[in-house]
Amino acid sequence: MARNFGFAPIKGRVIDFDRNDKRVFEYVLEREPSFALCIGCGGCAATCSAANFTEFSLRKLNILIRRGENDEVRKIVDRCMLCGKCTLVCPRGVNTRNVVFLTREAFEEFDNYAI
Amino acid sequence: MPFNPFVIPFNIGLYFIILYVVARGVVWFRDLPRTDKLRMQRGFFGRPFILSIKEIFMEGLIHRKIFKVNPVLGYMHMSLAFGWFLLILLGTIEADIFGEKHLNPPYKAIFFRFFNPDHGTAGLAKHYGFLMDLILALILSGLLIAIIKRFWSGIVGMKRTANLKFLDKVALTSLWLIFPSRLLAESFTCGAYGSGSFLTGSLGTALAGFLPAEIMAYPFWWLYSLSLGTFFILLPRTRYMHIPSEMFLIFMRNSGVRIGDQYGSCADVQIHACSSCGICLNVCQLSTSADITNIQAAYFVKGLKREDDVFDIALNCLMCGRCDEACPVGIELGPLRMIHRRAGDPPKDTMSIWSGYLRLRNQNIQDNGESHITAFQYLKPQPVKKGPEVLYFAGCMTHLTPGIPIAMRKIFEAAGIDFDFMDKDGSVCCGRPLTLAGKDREARELIRNNSDAIWRSGAKTLVTSCPICYKIFMESYHLDVEVLHHSQYINRLIEEEKLKLNFLNKSVIYHDPCELGRGSGIYSEPRRVLIHISRLGKSNHEKEDALCCGGSLANLKIDRRKITDIVSDVVEELTLSNPDYLATACPLCKKTFGKADIKAGSEIKDIAEIVAMAIVSEPPEAIELKKRTKLEKVSL
């Protein structure tokens, strides 16, 4: 029905911080404390090698991990080439490369030992 | 006296260790791949065997390489190893010549003095006794240094010494007890019978003066036998397993067996051949500059030996290769770490039977279920320009130091080379960072994408500005085009006289990037280029001994602040002579050097940038003349 009108009601989008799965965030933060220093300036996203070819933004990824929107993260985290440019440009000294590496590791771990 | 019960501990230990080493050797050989078995079989009947004997003598006994690094440390190792070897050899000969009969059991030679207490008072036997005492004195002097080193490591010039665990400490104590107890046992016996030479004889006489020497001797003979027995029984579980393993490793290496890229017999031998001598601790910049002291090669190998979880240790390393160069045993430490990075966390069910005396290693690569992942599906075939024979690949890091591609473009144009800038709109990563993180499968996808573009372009030469890319181009791409680092390419342009350069009259210190120097063995070309255009000076760390800038992509775990600590030390060290330029050939080194405080007057430059500055620009009249002649030709 809705399709016929050329527009549709916007799907409700509520992020429930109490119910979201923060395990990945905690896993990363515990092993790479510098993750907490991110100010979301987007320098990493601007220099990213992968972003040149596809939709991949480390800044967005950081926010998604913090919010615990792991399904979104899972979709894009493998696109990173780990080239390390983001780590070099980060003004806050976040070891961004390790953040991506740990996120993947966290998914592997939680997927294998699902709670 | 034919036999005495005190020799029993020694005998048990000795026969145990002989059987154990033989069994271990057989297991190691059995687990080798077929090709390596053939290599070793061929080696056994050929030159490698003779070379190995020589190397075992030079490295295993004399410790030549340790002598080169540190004479005091070398003397310590030499006196213990070579001295003990001589003591056993000459002791056996002594027992054979002067004993009651020939071909005695080993205990007769080791405890010769006990069974022949009044031996060696005159003639040849006396001189021989002098020799034996001399060797014992040699060992004891080494032992003294070892004890001093354990408590005050600074005295022998070591900044740090390897930390030990409980069993190591027991074995170390028993090793330390062996020689003093021998000295005291022999001295008491000699004192009681009035025999012995300058050491045992005089000490014996002195002790016999106020002690009941004959009664005192017996417990020390027991102690001597017990410490030998304990040492032999514990040997397989401690770092002293390096003694038989190193011999096996030397023969393996001379036969052409290498560690490869997965766990196997060769890796196991190498792990056991580490003596925890601690030389790697002193060359590791993480320990000397950044105060990270638990990840060095000695600890990594020790962790592997104990089957601890060393995955984080494996990742926390710059992979600069300084420890590989320094290791006196020649363990392939870099490849060993790479194997572990690839394997990930070790499977927990790796079995240790007999609590570590023999272990069954899982020989196969774990299937971690990643084979289906195609992470880089978004990569489309790269657009290529057909025609130019030279392809320039800047690499990701070079895009962060735009001065380098600009300089390269200037160089290409000055030399009149038709080239294509392959990744001018941003590169697909070469794959080396993924490889270094142990993600070989994913790296393979990037390699495929880049190789495809290189092949389709039809270029003959691939020039890259980044040593990281260069290394993987050489190792894993299997391209049929010539791959050159820009320093090699510029050197060739100069040699072929395509590039005309001015002499800059600036003083330059060259820093060898790890991946280009130790990683790929390219030392001379960048130096030749720099000598051509500048006054190239020498730093205290040249070629194999070059420092790492600290920014290496290989280390995933290092804190950014620690990198600043490392690079500050490196820059300070390299700019001691106040050079005009601190030159490097790696964009990542250049970028990392930027973090340090640089002394006024020194500037960080890539080799390409210095060359670009030296390019002879033709005077405007000449260009004018050229244009005119061209116009005249057209008008004609």
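In chain A of this predicted model, 64% of the contacts between residues at least 6 apart in sequence join residues at least 24 apart. The corresponding share in chain B is 73%, again among contacts between residues at least 6 apart in sequence.

**The two chains**

Chain A contains six helices and zero strands, and its elements follow one another from the N terminus as α-α-α-α-α-α. Chain B, by contrast, has 30 helices and 10 strands. The table sets out further values for each chain.

| Chain | Residues and share counted as buried | C-alpha extent along the principal axes |
|---|---|---|
| Chain A | 115 residues, 39% buried | roughly 50 × 35 × 25 Å |
| Chain B | 636 residues, 48% buried | about 115 × 55 × 45 Å |

**The interface**

Contact between the chains involves 19 residues of chain A and 20 residues of chain B. On the side of chain A that touches chain B, the elements contributing two or more residues are α5 (85–89) and α6 (96–112) of chain A. By residue class, this side of chain A comprises seven nonpolar, eight polar and four charged residues.

**Domains of chain B**

The domain assignment of chain B gives domain 1 the residues 5–242 and domain 2 the residues 258–346, while domain 3 covers 390–495 and domain 4 covers 507–614. Taken over C-alpha atoms, the centres of domain 1 and domain 4 of chain B are separated by 47 Å.

**A parallel sheet in chain B**

Four strands of chain B form an open sheet in the order β8-β7-β9-β10, with parallel pairing. In general, strands of a sheet pair through backbone hydrogen bonds, in either a parallel or an antiparallel manner.

Within this sheet, strand β7 (residues 507–511) of chain B runs parallel to strand β9 (residues 581–584) of chain B, and four bridges join the two. At the level of individual residues, B:Y510 has B:A583 in β9(B) as its bridge partner.

Key
Residues are numbered from 1 along each chain as its sequence is written. Chains are lettered from A and ligands numbered from 1 in the order in which they are written. This is a predicted model: local features need pLDDT of at least 70, side-chain atom pairs count only at pLDDT 80 or more; totals for chains, interfaces and linings use all residues. A residue is buried if 20 or more other C-beta atoms lie within 10 Å of its own, exposed if 12 or fewer, and partly exposed in between; C-beta atoms are placed from the backbone. Two residues are in contact if their C-beta atoms, placed from the backbone, lie within 7 Å. Ala, Val, Leu, Ile, Met, Phe, Trp, Tyr, Cys and Pro count as nonpolar, Asp, Glu, Lys and Arg as charged, and the others, Gly among them, as polar. Two strands pair if DSSP finds at least two bridges between them. Domain bounds come from an automatic or database domain assignment.
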